[in-house]
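Work through the exercises below with the sequence and the model open. Try each task before reading its solution.

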Amino acid sequence: MIERIRVIGIGMGNPEHVTGEAAQALSSVDVFLVADKGSAKSDLVAARQRVCDALIPADHEYRVVEVTDPKRGPDAERDDTAYRRGVRDWHAARADAYAEVIDGLDDGETTVGFLVWGDPAFYDSTIRVVDALVERYASAGVTVEHDVVAGISAPQLLAARHRIPLNRIGAPIHVTTGRRLVDEYDPALGDVVVMLDGGLACAELADAFPDLELFWGAYLGSPDEVLVRGRLADVIDEVQRVRAEARERHGWVMDTYLLRQPADSPNPFATHGFPEAGPLSDGVVTVRPTTAGDWQVVRDEHNNEESLRWDLFGGVYTDEQARQQAAQARREWRSGRAARFVIVDAATGEGAGVIGIMRMGPPGNGLLGYGVLPAFRGRGFTTRALRLVARWAFESAGLSLLELGHKADNAASGKVAVKAGFRAEARLPQRLPNPDGTRSDEIYYSLTKERFDAGGVG
Ligand SMILES: C[S@@+](CC[C@H](N)C(=O)[O-])C[C@H]1O[C@@H](n2cnc3c(N)ncnc32)[C@H](O)[C@@H]1O
């Protein structure tokens, strides 16, 4: 009768990679359930058997039950939603197959173990399937304990074999799959680890990013282990050849690789990001970069009659949306997409509104957006904030032209802009959408750095 399920990471199939904790866990299992994935992966089943033979004491009795893995449709042609649905169905079918074996356990067999290749946390569905099993037994009134024991994963072994850390100093690591790599690759991701890559997707990046350094490894931890390292454009042909030969020999290949930007490549954030800014103040109004804690100001500036009247979409922000907007302001700042400030009443420290520069259009241009809360309207706060932010944009952020626009009927917005030194340049017919599906003309304003430097602005 089932009492406990243990999910045990066994590293890359070499008994020497199994941690002491995992070895102990192996010796507590009565029945191992192993997915039988067909003959191509039989080497992996054999490797698991070797781990058990080497580490489980001879006097501990256990059984290994191979459970035929349910069939899975092809991944390549499916979109993301269909892919996720397919995987979910497949997990459910797996849970059914395992439950059938568990229901037939002998009386003395209380602990079931799953041997997970590498570490259960990396691209492995065992934990999810076990969660489903535990839930299924709970709903039948049977409590099943479960735990997870860590193992050495392919990315860890890749790094160890190449004698490198996976990240550059203080930078992020992005772990992804071959099917996503080309869509999501961006130098701003930092170092990228790729797993589950049936077709060496990094070859598609070689023209665009030839200088990336590739650290590739296949059959890591096994006697057939093979490593290649070098500039992507230089080594990609060799990796393709080595990989194809190995696949021919074994019938399957498991490889993992790291794509690293060369050490002398510029930090993508430093190149494009806005410079850091402290609070800017004229004594009456202070503007400071938006942080996650400013979400209520973001929400309240938007969710009031006057703002919604001129909004392009007309929907109110939920608290969650406002929280997300405020929270992503730091990232937008660092990536150079937008510099968003909160307008603060200098006398009280109260949040009075928001003002932001979005980097849109030709290089050196910034598009301004702003608004103050109803309680602070009519006090000149927006004009003051615009002046502070314009000075920062020209003198510190390297912008040459600031632009803004408002719906033709929103005269108040235009007055504020003109007081801050902006000049109305044009009426752009039907440029802005309205929530009811109609469109409004936009009055377009600009302020050049030249005019600002010439003293056109307070
Ligand atoms: C289903 S995932 C399982 C990952 C595993 N849980 C881990 O911690 O590494 C399978 C992928 O892991 C990587 N992988 C597994 N074993 C490997 C090995 N011996 N050498 C290189 N990569 C391996 C490959 O990218 C493979 O496509």
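**Exercise 1. Characterise the interface of domain 1 and domain 2.**

Start with charge. Across the interface of domain 1 and domain 2 the rule finds zero salt bridges; a salt bridge is a side-chain nitrogen of Lys or Arg within 4 Å of a carboxyl oxygen of Asp or Glu.

A note on the source: this is a predicted model, where local features need pLDDT of at least 70, side-chain atom pairs count only at pLDDT 80 or more, and totals for chains, interfaces and linings use all residues. Residues are numbered from 1 along each chain as its sequence is written, and side-chain values use heavy atoms, with hydrogens and water left out.

Then count contacts, meaning heavy atoms within 4.5 Å. Domain 1 contributes 15 residues and domain 2 contributes 16.

Now take the area. Buried area is the accessible area (1.4 Å probe) that two parts lose on being put together, summed over both. Domain 1 and domain 2 bury about 1300 Å² between them, with 63% of it on carbon and sulfur atoms. Met12, Phe122 and Tyr123 supply 39% of the area that domain 1 buries against domain 2, more than any other three residues.

**Exercise 2. Find the salt bridge of arginine 260 and say what it ties together.**

Begin with the total. The whole structure holds 27 salt bridges. Arginine 260 pairs with aspartate 191, and their closest N and O atoms are 2.6 Å apart. Now locate both ends. Arginine 260 lies in strand β10 and aspartate 191 in strand β7 (residues 191–195), so the pair ties together parts that are 69 residues apart in sequence. Strands (E, at least two residues) are DSSP runs, numbered from the N terminus, as are helices (H or I, at least four).

**Exercise 3. Classify the aromatic pair of tyrosine 219 and tryptophan 252.**

Recall the rule. Rings of Phe, Tyr and Trp (its six-membered ring) pair if their centres lie within 6.5 Å; planes under 30 degrees apart count as stacked, over 60 as edge-to-face and the rest as tilted. The search finds eleven aromatic pairs. Tyrosine 219 sits in the loop between β8 (213–218) and β9 (226–231), and tryptophan 252 in the loop between α7 (232–250) and β10 (255–260), 33 residues apart.
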